[in-house]
Amino acid sequence: MVIICKDIQSVREAIHKKKLENDKPYYEVKVSFVPTMGYLHQGHLSLVSRAKQEGDISVVSIFVNPTQFNANEDLSTYPVDIENDTRLLESVQTDILFLPTPQLMYPNEYSTYVSVDSMDQVLEGKARPGHFRGVATVVSKLLNIVQPHSLLIGQKDAMQCICIRRLVEDLNFNTKVIVCDTVREDNGLAKSSRNSYLSQEEQKQASLINETMNQFKNNTQSFNNRTEFIDALTKEIEKNPLMKVEYISIASQSTGLEINDDIYPPPPLSNLSLAVFFQGEKRKTRLIDVILF
Ligand SMILES: Nc1ncnc2c1ncn2[C@@H]1O[C@H](COP(=O)(O)OP(=O)(O)OP(=O)(O)O)[C@@H](O)[C@H]1O
Ligand SMILES: CC(C)(CO)[C@@H](O)C(=O)[O-]
Ligand code: BAL
């Protein structure tokens, strides 16, 4: 059974007890941590499986972090299903689930924020002002609470990975950051909690995003420069009238900053990432994806 902890003291005690119960000497027992916003899917579970390989105690948090949402984003409607999440976490033998409330994480007098300044320059940071400040703040708090040896995050959120790596290095957290591959549907659509906003038919249409990204990545020689590449990819995706490209980025995998215009084709291992608004029948959904050149 997964141990469910709703406050900071109890999650620290649960980790301490698990360390004592382990056959290894206390200071050799390793804790792996997977922070999430819940409504779990196979992408999240792949991180937990990796966490179990990396450490002796697996801790997952579910917290829909208000500070990383803008006023016009979907904080109030973000999908929640703690019962099903708990079942899924038990199916992969998670040891501890931390379930804080907004009031616990941000009490009334709360006033400290962590900003990774370089994230203001990356396209995802410009598109979501304040978002990475919220991510960096909550991840710092969670790392201080759980004090894990390793932190497992998903490559799908490529700019978030850059933000968290920078944060961990700059603030000397004693934690190894492990970035895990994106888990996809059979048709290539990256698994995401927000896919639940789309119908099955809409998800099928959304899978064209990844298919088109891969086609373009394999055809860089058909374009003279990066502007032509990005314009053509935008046009191709927007052939579907339900899809509107927010941005397409060709960026360094380590900084998230755009690769210089005169460097074309993009160097191996740079990121091709994007955000697309999908106007579904029920609502508009912001989808992101990333592949490597
Ligand atoms: N398809 C996926 N494959 C691997 N990891 C993933 C995938 N989707 C999300 N993750 C990772 O799981 C962690 C928690 O993410 P989160 O709870 O926001 O899920 P999400 O599906 O990305 O949600 P959203 O739809 O809101 O973007 C993050 O490190 C994220 O990168
Ligand atoms: C890392 C994270 C849990 C911080 O709230 C969130 O941004 C997410 O789920 O990717
Ligand atoms: N996985 C990303 C969380 C967010 O979009 O806020």
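**Ile164.** I started at Ile164 and looked up what it touches beyond its neighbours within four places in sequence: Val135, Val139, Leu151, Ile153 and Val177. This is a predicted model, so everything I note here is read off a prediction.

**The core around it.** Next I asked which residues have the most contacts inside the largest nonpolar core. Ile164 is on that list, together with Val59, Ile96, Met119, Val139 and Leu151. The core counts 39 residues in total. I then went through the elements that give two or more residues to this core: the helices are α1 (8–21), α6 and α7 (158–170), and the strands are β2 (31–36), β3 (57–62), β4 (96–98) and β5 (150–154). Helix α6 provides the largest share, 9 residues. A separate core of 24 residues lies apart from this one, and I jotted down Phe229, Ile230, Met243 and Phe293 as being among its members. As a reminder to myself, nonpolar side chains in soluble globular proteins tend to be buried together.

**Ser140.** I stayed with α6, which runs over residues 131–146, and picked out Ser140 in it. Is Ser140 buried or exposed? Its relative accessibility is 6%, so I put it down as buried, the cut-off for that being under 20%. I also checked its contacts, again skipping neighbours within four places in sequence, and found Val114, Leu167 and Phe173.

**Ligand 1.** Then I moved to the ligand. How many residues surround ligand 1? I get 20, and the closest are Tyr78, Lys156, Asp157, Ser192 and Ser193. Sorted by kind, the shell has 9 polar, 6 nonpolar and 5 charged residues. By element, I find at least two shell residues each from β2, β5 and α2 (42–54). Helix α2 gives the most, with 3 residues.

**Polar contacts of the ligand.** For Lys156, an N or O atom of the side chain sits 2.4 Å from a ligand oxygen. For Ser192, a polar side-chain atom is also at 2.4 Å from a ligand oxygen.

Note on methods: Residues are numbered from 1 along each chain as its sequence is written. Chains are lettered from A and ligands numbered from 1 in the order in which they are written. This is a predicted model: local features need pLDDT of at least 70, side-chain atom pairs count only at pLDDT 80 or more; totals for chains, interfaces and linings use all residues. Side-chain values use heavy atoms; hydrogens and water are left out. Helices (H or I, at least four residues) and strands (E, at least two) are DSSP runs, numbered from the N terminus. Buried means under 20% relative accessible area, exposed over 50%, partly exposed in between (1.4 Å probe, protein chains only). Contact means heavy atoms within 4.5 Å. A nonpolar core is a set of buried Ala, Val, Leu, Ile, Met, Phe, Trp, Tyr and Cys residues joined through side-chain atoms within 4.5 Å. A residue is near a molecule or strand if one of its heavy atoms lies within 4 Å of it. A polar contact is a pair of N or O atoms within 3.5 Å; within protein, one must be able to donate a hydrogen and the other to accept it, and residues adjacent in sequence count only if both atoms are side-chain atoms. Ala, Val, Leu, Ile, Met, Phe, Trp, Tyr, Cys and Pro count as nonpolar, Asp, Glu, Lys and Arg as charged, and the others, Gly among them, as polar.
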